[in-house]
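This report describes selected local features of one structure.

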Amino acid sequence: MTALLLRDLKLSVRAGGGALIGVLFFMTVVAVIPFGVGPDLNLLSRIGPAIVWIGALLSALLGLDRLFQTEREDGSLDLLLMQEHPLVLTVLVKCLAHWLGNGLPLVIASPLLGLFMNMDEVAIGATMLTLLVGTPALTFIGAVGAAVAVALPRGGLLVSILVLPLAIPVLIFGVSASYAAVEDPAPFLPPFLILVAITMFFAVLGPLGAALALRNAGD
Amino acid sequence: MIKILMKVSGMRLLAENLSARRGEDLIFTDISFTLGAGESLVLTGRNGSGKSTLLRVVAGLLRPETGRVAWTAESAESGMRAAEACHYLGHRNAMKAELTVFENLAFWKDFLGDTEDGKGIPPGEAADAVGLGGIIHLPFGYLSAGQQRRMAFAKLLVAYRPVWILDEPTAALDVSAEGVFTGLIKLHLATGGIVLAATHQPLGLENARELRMTGFAGVAEGRW
């Protein structure tokens, strides 16, 4: 299993891997906002956490369809399905590798993009923390969509559309926790803990659903 | 050698009344066979006759319409799927073009692991065995189609599985490579392995049983 994790990490940073693409897309999305909105610093810092979260959500969706499709195209998926290891565990490890390769770089890039949005230190810290906790949920949810669409050519957009409704709660609680850290009356912990709960819930349900879909995608 | 044979003599791959569906039609019906240690079965038949489908059913990748595939061995735990005892070499090579050959083989060695009956060999030796020992440091994508096929075959050697399921193993290969493959398959059979192969070229195996597939059991007589 460690071998699978390391291989997927290597693939994500080699040529054609999605790690850099995701970060670049994230930067593109967030960096154009100040130009579009104009130099209203108060407005920028007010919408900052939301914009950073939306950018991260879109970039996380970007590379998801390749999660199982590359494996299927070169025939590796057949071998992964045949093994003794429970398929759920294989999927979980692939999700973790995908998050480490694609999700974690987004979290690391987010403080820099927070500066673009004139966010203060507390807001940047809160956004980074909520992204750290919330983006794994996006990967686990996306794994189900990626598994369902594994046999479809050009299933990328379909995956995003399938996954988006389930990803919305993550966005809502991620953004509200980030705001709660800055605005005084709203408490930070409740939305943050719900975000943690969502991630843990999908860490169980996502691999299960994806494994089920992969088993039945046989052709 | 005798010790190995004795140890694995209880192995049996059993297929009962298999039939499978492709779309609306049954592509084959009621195929049964039993393969013991050291036995091989070669599937022949024209394109589209269901050879690959049968192999994928045996490998557990397609659900059969009727029938079952079972694996019995002394070391097998109850409830072990037949697929877990199998190596499957399909049309696609299951190797990553971005990684070097060594990384690919080392990954599969680690991930697949060995079954209790035998041991795989290190990636370097496996590449030597298919005649490409010197280029193990190159990315898999740099190799020619024939070399890629050979390296995919080397994957069967790095982790031990008693059953080899080979779908057109000699596609894209030159004559000498075919010879190498035949040698490796014979060696596998001699040490108590089981081989199930679909092929157009004769593999040159003695004592291989042949199953001729005719395809589309239900609609062979259909007129357009």
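A:Gly134 is buried, with 29 other C-beta atoms within 10 Å. The model is a predicted one. A:Gly134 belongs to helix 7 of chain A, which spans residues 121-148. Leaving aside residues up to four places away in sequence, A:Gly134 touches A:Val170, A:Gly174, A:Leu195 and A:Thr199. A:Gly156 lies 22 residues from A:Gly134 along the chain, and the C-alpha atoms of the two are separated by 21 Å.

Strand 6 of chain B pairs with strand 5 of chain B, to which it runs parallel, through 4 bridges. Within this pairing, B:Leu89 has B:Leu166 of strand 6 as its bridge partner. Strand 6 of chain B also pairs in the parallel sense with strand 7 of chain B (residues 194-198), over 5 bridges. Here B:Trp164 has B:Val195 of strand 7 as its bridge partner.

An antiparallel pairing is found in chain B between strand 1 (residues 12-22) and strand 2 (residues 25-36), which are joined by 8 bridges. B:Arg12 has B:Gly36 of strand 2 as its bridge partner. The hairpin of these two strands has 2 residues between them, and B:Gly23 there takes a positive phi near 65°.

| Strands of chain B | Sense | Bridges |
|---|---|---|
| Strand 5 and strand 6 | parallel | 4 bridges |
| Strand 6 and strand 7 | parallel | 5 bridges |
| Strand 1 and strand 2 | antiparallel | 8 bridges |

## Helix 6 of chain B

Strand 6, helix 6 (residues 175-190) and strand 7 of chain B make a right-handed β-α-β unit. Helix 6 of chain B has 16 residues, and the distance from its first C-alpha to its last is 22 Å, close to the 22 Å expected at 1.5 Å a residue.

Which residues of helix 6 of chain B are buried? They are B:Ala177, B:Phe181, B:Ile185, B:His188 and B:Leu189. These residues cover an arc of only 115° around the axis, which puts them on the same side of helix 6 of chain B. An α-helix has 3.6 residues a turn, so residues three or four places apart point the same way. The cover over the buried residues of helix 6 of chain B includes strand 3 (40-44), helix 5 (145-158), strand 6 and strand 7 of chain B. On the face turned away from the buried side, helix 6 of chain B carries the exposed residues B:Val175, B:Ser176, B:Gly183, B:Leu187 and B:Ala190. After helix 6 of chain B comes B:Gly192, which has a positive phi near 90°.

Most residues other than glycine have a negative phi, and most peptide bonds are trans. B:Ala94 has a positive phi near 60° and lies in the loop between strand 5 and helix 3 of chain B. B:Glu168, in the loop between strand 6 and helix 6 of chain B, has a positive phi near 50°. B:Glu168 is likewise partly exposed, with 19 other C-beta atoms within 10 Å.

B:Thr214 is located in the segment after strand 8 (209-212) of chain B. It is exposed, with 11 other C-beta atoms within 10 Å. B:Thr214 and B:Thr44 are 170 residues apart along the chain, yet their C-alpha atoms are separated by 8.8 Å.

## Contact between the chains

Between the two chains, 21 residues of chain B are in contact with 18 residues of chain A. On the side of chain B that touches chain A, strand 5 (86-89) and helix 3 (101-112) of chain B each supply at least two residues. Helix 3 of chain B gives the largest share of that side, 4 residues. By class, the side of chain B that touches chain A has 12 nonpolar, 3 polar and 6 charged residues.

Terms used. Residues are numbered from 1 along each chain as its sequence is written. Chains are lettered from A and ligands numbered from 1 in the order in which they are written. This is a predicted model: local features need pLDDT of at least 70, side-chain atom pairs count only at pLDDT 80 or more; totals for chains, interfaces and linings use all residues. Two residues are in contact if their C-beta atoms, placed from the backbone, lie within 7 Å. Ala, Val, Leu, Ile, Met, Phe, Trp, Tyr, Cys and Pro count as nonpolar, Asp, Glu, Lys and Arg as charged, and the others, Gly among them, as polar. Two strands pair if DSSP finds at least two bridges between them. A crossover is right-handed if, with the strands pointing away from the viewer, the path from the first strand over the helix to the second runs clockwise. The expected span of a helix is 1.5 Å times one less than its number of residues. A residue is buried if 20 or more other C-beta atoms lie within 10 Å of its own, exposed if 12 or fewer, and partly exposed in between; C-beta atoms are placed from the backbone. The arc is that of the directions from the helix axis to the C-beta atoms.
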